[in-house]
Amino acid sequence: MQQDIWTAYNNSHPGQVQVIGVDLYNGTAAQERSFGNATGATYPLLLRGADGAAGVGNLNTLYMPTSGVTYDNYVVINKHGIVRYHAANRYAHGNRYHLNEIRGTVDSLVTNPTDVGDGPGPLGWSLRVTPSPFHATTSIEFVNDGPATTARLRVFNLAGREIAARSASAVPRGPGHLSWDGRDTAGNRVASGVYLVRVEVGRVRLTSRVVYLE
């Protein structure tokens, strides 16, 4: 978590992602410091996260399953406080750290434009894919910071193979909207996993990850 998420996003998207490690064993401050020292964690560690005392939230109750082993979990929450990824609802204890799914969800929430042409610069361009993870349809919202042009949606698997595409359509300057229903070019549902969503707006490419769950 320290290297894969906290350090990685501090370098690639400074100020956009906050990691918090929550103590669900209701340990002591000394134990929390010992954990930080042993793991090298530099992100905030929240002490007594499952206390449940008056005025203290019980994160174990809020974000853990109602039965079975509850302690290990990975939750992604957007800036509006909405849970976008909840590993304990999908995986058993001891098998909840799925980095591709976690990063795919986070990537759908951060701004990650890439300019590959001679047209407008990336300042002001944006792409947002929500919800992620999704099952039925995900909304692809982007901003065209250049003149009116055409936009085309392409979806790739992590091996770089194109699995779905949408014909180019005219878009004005400003906000635009597309969608993907989790189907490939043949109309079949794709397998659960992480996919790259690319919107080509004129000569500008905007790319984000999205997590599809069957």
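Visitor: Which secondary structure elements does the chain have, and how many of its residues count as buried?

Guide: The model is predicted. Its chain has four helices and 12 strands. Of its 214 residues, 38% count as buried. The chain exposes about 11400 Å², and carbon and sulfur atoms supply 51% of that area. Among contacts with a separation of 6 or more, 53% join residues 24 or more positions apart.

Visitor: How should I read a sheet, and which strands form the open sheet here?

Guide: Strands of a sheet pair through backbone hydrogen bonds, either parallel or antiparallel. In this chain, three strands form an open sheet in the order β6-β7-β10, with antiparallel pairing. β6 and β10 stand at the edges with a single partner strand each, so one side of each has no neighbour in the sheet. Neighbouring strands of this sheet are turned by 15 degrees against each other on average, direction ignored. Seven bridges join β7 to β10, and N144 stands opposite G174 in β10.

Visitor: Which strands pair with β11?

Guide: β8 is joined to β11 by seven bridges, and the two run antiparallel. Within β11, R198 stands opposite R154. β12 also pairs with β11 in the antiparallel sense, over nine bridges; there, G193 has Y212 in β12 as its bridge partner. β11 and β12 form a hairpin with two residues between them, and G202 in the turn has a positive phi of about 60 degrees.

Visitor: Is β11 mostly covered or mostly open?

Guide: In a regular strand the side chains alternate between the two faces of the sheet. β11 is mostly covered, as eight of its nine residues are buried.

Visitor: Which residues touch the most other members of the largest nonpolar core?

Guide: They are I140, F142, L153, W180, Y195, V199 and V201, in a core of 23 residues. β6 (126-130), β7 (138-144), β8 (149-157), β9 (162-171), β10 (174-180), β11 (193-201) and β12 (204-212) each supply at least two residues of this core. Another core, of 14 residues, lies apart from it and includes W6, A87, Y91 and V106. As for F142, residues up to four places away in sequence are not counted; its contacts then include L127, A151, V171, L178, V199, V201 and L206.

Visitor: Which residues of α4 are buried, and what do they pack against?

Guide: An α-helix has 3.6 residues a turn, so residues three or four places apart point the same way. In α4, the buried residues are E101, I102, G104, T105, V106 and D107. These buried residues pack against α1 (2-12), β3, β4, β11 and β12.

Visitor: How many aromatic pairs are there, and which residues form the aromatic cluster?

Guide: The count comes to five aromatic pairs. One of them joins Y74 and Y97; this pair is tilted, with 4.9 Å centre to centre and 50 degrees between the planes. Y74 lies in the loop between α3 (59-63) and β3 (75-77), whereas Y97 lies in the loop between β4 (83-86) and α4 (99-107), 23 residues apart. F134, W180, Y195 and Y212 form one aromatic cluster.

Technical notes:
Residues are numbered from 1 along each chain as its sequence is written. This is a predicted model: local features need pLDDT of at least 70, side-chain atom pairs count only at pLDDT 80 or more; totals for chains, interfaces and linings use all residues. Side-chain values use heavy atoms; hydrogens and water are left out. Buried means under 20% relative accessible area, exposed over 50%, partly exposed in between (1.4 Å probe, protein chains only). Contact means heavy atoms within 4.5 Å. Accessible areas come from the Shrake-Rupley method with a 1.4 Å probe; for residues, only the protein chains shown count as cover. A nonpolar core is a set of buried Ala, Val, Leu, Ile, Met, Phe, Trp, Tyr and Cys residues joined through side-chain atoms within 4.5 Å. Rings of Phe, Tyr and Trp (its six-membered ring) pair if their centres lie within 6.5 Å; planes under 30 degrees apart count as stacked, over 60 as edge-to-face and the rest as tilted. Two strands pair if DSSP finds at least two bridges between them. Axes are lines fitted to C-alpha atoms, for helices over the stretch in contact, and angles run from 0 to 180 degrees between N-to-C directions.
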